[in-house]
Structures are given as C-alpha cells and as structure tokens.
Amino acid sequence: ASFTISLRKVDNTTVTIKLRPGLSPSCRILMKNVIWSELKIKPGENVTFTFTCSTPEKYFITEIQKNIDCVSGPCPFGDVHLYPPGLPRLNRTYIWDVKASTKAGLELRFSTSWLRQIEPGETCPDSISYNISSCIDKATVNIGTFCRNGSVSRVKLLGGVLMSLHLPWHSSLSTSGFNIANRASIKRLCIIESVLKGESSITLMSPNYPLGFPEDELMTWQFVIPPNMRASVFFHNYSLSNCERKEERVEYYIPGSPSNPEVFKLSDSQPANIAGSFNMSLQGCDQDAQNPGVLRLLFQVVVQHPQVDENVTHLVDLSKETNTTVTIHSEGWPNHIPLMSEPICLICKDPRTCDRVLTLTSGAVYRISFLCKDLSRLRITAEKGISCMDIRWCQGKIYSLSVPKAITRLPIQLHKFIWKLLATDLINIEITSPSLKLQQHVREQRCNTSYSYSIVSATPETQLNVGVFCPGGSIEKIQMRNNITISLKTFGKGFINESVPQDLKMSFVPHIKDECIFTVNPKPKAKVYLQTPNWPYGLPPYVSVSWFIVVPSRQTARLGFSKDRMGIACETGRAYVNIKEEILGAEEIVRREDELLPQPRNMRHDFWVNVSNCKPVDKTELTLHFWVTFADKQIDLGIILAVVAGAAVLTVIGLTVFCVKKKKKKTQNPMVGVYNANVNTQMPGRKGLFRKGRQNNESHVYAVIDDAVVYGHLLKESNGSLTPEVDVYRPFDGPIGSLPPSPPPFSFRKDIKRSSNTEEEPPPLTDTDQDTYTFAHQKSGQSEDSGDANKKDEGNTSVPLLENQEQDGLVE
C-alpha cells in the first residue's frame, strides 16, 4: 500500500519516518523508484511512498514535530490536534515545541481522563504516555512522564513547553487529550494541579526525578480534595543537596491553619488528616558548586473518609520504662509496603501528625488515635535494652521479661517484643521461668501456645540460635555466656489472656564455662525432648553445651538418643558426649564422634549431658536430638531377695556375737595379736623382681582382732556397751558440685576408659617372690577360741588363718 503525506507550510510541522534504533534495514522506504532507509517530510511538501515489506511497524517509527511560537505571534489557544492525518500505522511520537516568554507561563489543561505520573522506566498499561518538559532559556527541565486516567488536571509552566505524546502503532487515538489554556505569570518552575475524588491514592515526583531538582527553584502542587474527605501526605523517597545558602524545605498552605505557610523539613513527618484542598511547595537552595548533591522527592497523597473513632485517644504511658521503643505499624512492615491503591491505616500522635508507622520512646506519655477502618491490620513491635557493665551493680538483681501493660491494653495485636541483653565478657546471663517453665520447640513436641520465645546468643565472631521455646515445659533455667536477644512472638489474638501469668526472669551471673547450660526440672512421669542449639545447622566449632537433668524423687529417668552416631568427622580436636550422674563416684560415660552413642539407659539420680564440638570437616554439622522419660522406680526382685538374705546373715551374725560375748565372760584373757617390727619376716631366697614389695608398704601386716571388736558396731546397735575400734565406710553425704562434666581440653585429650573394672593388674608372683603373712604367736598354755575352725600345728612358726578366714567371710 502507498501513503501520501501533505504538509501545509503554515502548520510548521515536520514528519520523520526512520528505522527503529538497533535494527538492521531489512525493510526500506520506496519513493519514486528510489529506496530510502529514512524519510523526512518538511512543511509545504507532498510525498507519496510505500514500504518494501508487509510489516513496516516492526522496523519503522514516526516522529511528528510541530513548532508553536507564542513569543512573536498569537498563541493558538484551544485543543491541540493530531496533525497530519493519513499517517502509516507505525509507533508515533507527536512533539509540540511551544516557545514562550519566561514572563508569561503557559497552562496545559487535560481532558476528563487526566494524567497519572509514573516513575522513570515504568510503562503505561495502554502504552500511551505523555512527557512534559519546561524550557527556560536554553535549559530543559523534565517535569515528568504521565499515563492516562489519573488525577493531574492542569500543569502550568514557566517559559516554553516541550510536550510529547507517544502512541503505539495499533492505537486508534484521534485527539491529543490536552489544550493550551492561557498564559499567566507564575514566578516558579511549575504548578501541578491534582484533583482527587473519593477514597484514592496518588504518587507524584519532583521535576527531573531522580536526577535532581534544579538549583534554587520553587514548584507547587495544588490538591483539590472533596470537602467531606481527609488527605494525608507521605514522603517515600527523598534526598537532599548540599546547600551553601538558604535551606531546602516543604511549605503547606492549609485552609484554616493559624500559621500559613506551615514549613517542614523533608525528614519530618508530613501533615495528615487534612480537611479540604491545600497546596504543597518544594523549595531548593543555592548548591555547593564543587559538590552540589541531589534534591529529589517521591511522595504519596492518600484521601479517605473521616474515621468514626478518629477522636478516640488511647493512653500509652511509657514514663516508667527505660531503654524501650514501641513501634506501631501495618502488618508486614518493614518488608511489605502496602500498595498505593490499598486503604491505609494511620497512627496519629495528634490530629495532624499521623503516619503509617509511629514510634514511641520510653520516658514519656502519649495519647494516640487511629485512622483505620480495620485495626486488625495493625501490629506492635517493641524493643527493650538491658545491660550490665559491672557485676557488682547487677549481680543479685532480677529483671522481669514481661510485656508492659501499656502495650497489652492497646486494641492492637502485639507482633513481637524484643529484649536485647548486653554484658561484658566476664558477665553472663541467666534466664529462668520458675513457675511456667519452658518447652523447647522440637518436632516431637511443638509449641501450640499463643506466643513463643526465640533466643539467640551472639558475639562478634559467631551467632548461636539457642532455639524456640514456649511456656509449659520442663526447662527451668538457661545460662548463656554471650549477649542475648530474646524475641517474644505472638500467634493469634489469645496472647492478651494467656500472657497474664508471664514469669520469664533474667539476671546477670558470673562467668560460666560452657556456651550454654540448660537446667531441666520436669514434672513426675514427664517426657522431655531436647536438641542442640543452632538446629538444624549444627553447633559452631569448639562450642560446648550442657543439660542438667533433675530426676524427681522416687522416679527413674531413661535417657536415649535419636540416632546411633554424632554424624560428623573432625578436622581439628575431638567431639564428645559426656554423661554423668550427680553422685559421688558415679561412672562418667564418654563417647567420641567416631564411636556409637550410648544405648538408652536408666538414670536414678540427677545427671549431666554435655555435648562438645570439634572443628568438623566437609561442612558436616553436629546436631543431636535426645529424649528423657520419667517413671516411678521399680523394686527389683533380686534386690528384695538380697535384702532378705542380708537380714538372715545379720541374724546369724547377731547370734554368733551373742555366743562370743557369753564365752568371753568365761575366758578372762582374750587373745591379743602383737606385731614386732624388729623381726625379719621375709623368707630366704632370691631377691624379688618388684623393686617395692609388700614388706615396704606394710600391706602384709595384720593384727588378730577380737571378735567383739570386729562386731562391736552391731552390739552398739543392739544397745551393747562395746565401741568398735576400727573405722568403717560411711557414704558421702556432703554437698555435690554444680559444674557439668567436662571433656579434656581440645589441645590434649586422652582416651577415657569405659569402665572402672579395667584397672591394670600386676603380673603374678613366682614361688620365690611371695611375701608371707606374719602373725604373733599365742603364749603357751592359752587355749584357742572355740569359734576357730582350724587348729594350729604345734611346730609351725606362723598361723596360716588367711585362707580359711576368707572362706568364712571374716577377712576382707
């Protein structure tokens, strides 16, 4: 198809058809048998042409520029038409270059669809866009890019105007959508009028955004607000230039205000809940020539109905709080910013100071109100700092980690309350929950309460996520070495009722050895699941964690691990699991990372579980999960039989003692064993192989002890008069230490023996190496005790009673 374009000279219009940038000339323009890649038609020319392809819109664009002189001649006021007609269906850009004096600005008025400003790089839904620039002398200032269907009804500009309209090739738009209304001196860069109807939200930007507002310029936005609505202004993105003189500021002319203009800094909270139309102006400054900086502003104006409860105030008394901040915000803040089209919730410190986010600080009393149809969309996030730099001032002081009533009384859901606990290196932190206790959130025992605590321990080198805990468990105390962050997070609306008995406490304590120590004090017959911190990412290298498990009286604890091995390999050091009961002489069970973990076992006393990490290889992580169940102690049948047998033995011993005592009354001279230290008791023969024999350590010396002396304690228990002359074993009943079992240091660790029965035994003695057991002789004429089962041989120099006495159980 051929096209004919005829341009009148008086229209001062030029049409240029050219290739799209970056495309190869696969299609050409054919005119008078000559092929062209670009065609320029000037005023007064009449041109007929065709394309060498069937889809020229893929390759060519059209620019139509009309020059209008409003300086030397009359200005063509009225609608601006799309001229010339009959253009090929290509992407078209109409450009109107209007020359005007700076003493008489121009006003562009748009049709009923009006315009909506968009950010650079953003596209319009229908691909139809306007761009407006102001031309002052030789400088051009980009006022902005706009789409159709917005609120911008008029734009007044100082000096000339460069107006462009971009239409896609398939658009059927036949009118420009604006007219040149009149000329009027405005004494500022531009005035943009925006008419808002009903509840709505608009976004506007300063000229040249984001490159920078012109130096020392002034511009104004005029907002037309329905009389029964309220408007609020929010600055979302701004930056300041470096001023040498004057000051960058924002000025408001608000009807009924006693102090027009109201001046604000760009960093201030802007006016809100404005009744009626108002003006807002942006004033620049004289910038530093060497480092001018950039002044830019992107802001939002929201219009909504007056709220029924806008005059209802809520008292927030933070006068007695210290180091506390309370932030009221919309749900999802700060990660989610509500869309411009969404209805907003505003929080107001006073009728005119409102914002989407309001932060209150401790030490003051606030009266706040809400401009929000649905308060369930609002949340509270609070933070409190507690620190200790000197243990002398902090030790013994207990801090309550509970949410202040000033927060729980607000009609808004608490989202999170954070306590930041700070201390020096030698001061540690202890968290207790005496009555409610804490339950660790694990797979087998999930928290189902309306709130939970997340505990994180942090140092400059590492961060340890201790875990998530909720009330109603068995963990009574947690001690940690480093600075701690405790975050209370709520779920649902039940927190206000369930949080009344909060009993989480905190105190500063002296230095502890492990990174973290848990004290678990369960209820009888409970089942507790526990896991190492930093789950599931594993303990950091060289970190040691301990659990002290309290076994209730008349209960037995059964300890078991969820897997057979630790599942790591160590590059440096060794990883250990230590288990030890809190009783004197208890066996310590130790397992390395290359060994099987202990099988489930019963623990009858309070016990420790310690997990110490090495530096793993191949990014393997140490994660352990274990359980403890509690049940009533079961009396073993063997124990019952042993007790009965013991009672029978004691009865026999009692009868024996009674007979011995009766016989002693008849024999006035009891047998006495005398040890003579000057007698050489060693048998002649070859010198022993051991450098130190029994003759040196006196382990071979025995005395014949009177039976009444041996069993004196039994007589005493039966109101006897004799006192035992030998010491007997008594169980240790003193205090037990509170420190957990600790593995050897990482620099030097030896294998620990698994049982107390594997002590090394000396090699057996030979016949020539045996030492003798020597006893003093009885005087002649004395009779032997009738209870002895063995008679002395008349020619012997010693009395070999040891073997038979051992058989009778009398010598141990």
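These legends describe close-up views of a predicted model. Local features need pLDDT of at least 70 and side-chain atom pairs count only at pLDDT 80 or more, while totals for chains, interfaces and linings use all residues. Residues are numbered from 1 along each chain as its sequence is written, and side-chain values use heavy atoms, with hydrogens and water left out.

**View 1. Phe223 and Phe299 form an edge-to-face aromatic pair.** Rings of Phe, Tyr and Trp (its six-membered ring) pair if their centres lie within 6.5 Å; planes under 30 degrees apart are stacked, over 60 edge-to-face, and the rest tilted. The count under this rule is 22 aromatic pairs. Phe223 and Phe299 stand 6.4 Å apart, centre to centre, with 90° between the planes. Phe223 belongs to strand 19 (residues 218-224) and Phe299 to strand 27 (residues 293-304), so the pair ties together parts 76 residues apart in sequence. Strands are DSSP runs of E, at least two residues, numbered from the N terminus. Both Phe223 and Phe299 are buried, meaning under 20% relative accessible area (1.4 Å probe, protein chains only). One aromatic cluster holds Trp221, Phe223, Phe235, Tyr252, Phe264, Phe278 and Phe299.

**View 2. Phe518 and Trp547 form a stacked pair.** Their centres are 5.6 Å apart, with 10° between the planes. Phe518 sits in strand 44 (residues 516-520) and Trp547 in strand 46 (residues 544-549), so the pair links parts 29 residues apart in sequence. Phe518 is buried at 1% relative accessibility. Trp547 is buried too, at 0%.

**View 3. Two side chains lie over ring faces: Arg356 over Phe234 and Lys527 over Trp627.** The rule asks for NZ of Lys or CZ of Arg within 6 Å of the ring centre and within 35 degrees of the ring normal. Arg356 is 5.3 Å from the ring centre of Phe234. For Lys527 and Trp627, the distance is 5.9 Å.

**View 4. Ile486 is among the residues with the most contacts inside the largest nonpolar core.** A nonpolar core is a set of buried Ala, Val, Leu, Ile, Met, Phe, Trp, Tyr and Cys residues joined through side-chain atoms within 4.5 Å. The largest has 82 residues. Beyond its neighbours within four places in sequence, Ile486 is in contact (heavy atoms within 4.5 Å) with residues including Leu401, Phe417, Trp419 and Leu504. A second, separate core of 81 residues includes Ile17, Phe60, Ile180 and Leu204.

**View 5. Asp514 lies in the loop between strand 43 (505-510) and strand 44.** Asp514 is buried, at 3% relative accessibility. The C-alpha atoms of Asp514 and Met480 are 7.8 Å apart, across 34 residues of chain.

How values were computed: Helix = DSSP H or I, 4+ residues; strand = E, 2+ residues; numbered from the N terminus. Buried < 20%, exposed > 50% of the residue type's maximum accessible area, 1.4 Å probe, protein only.
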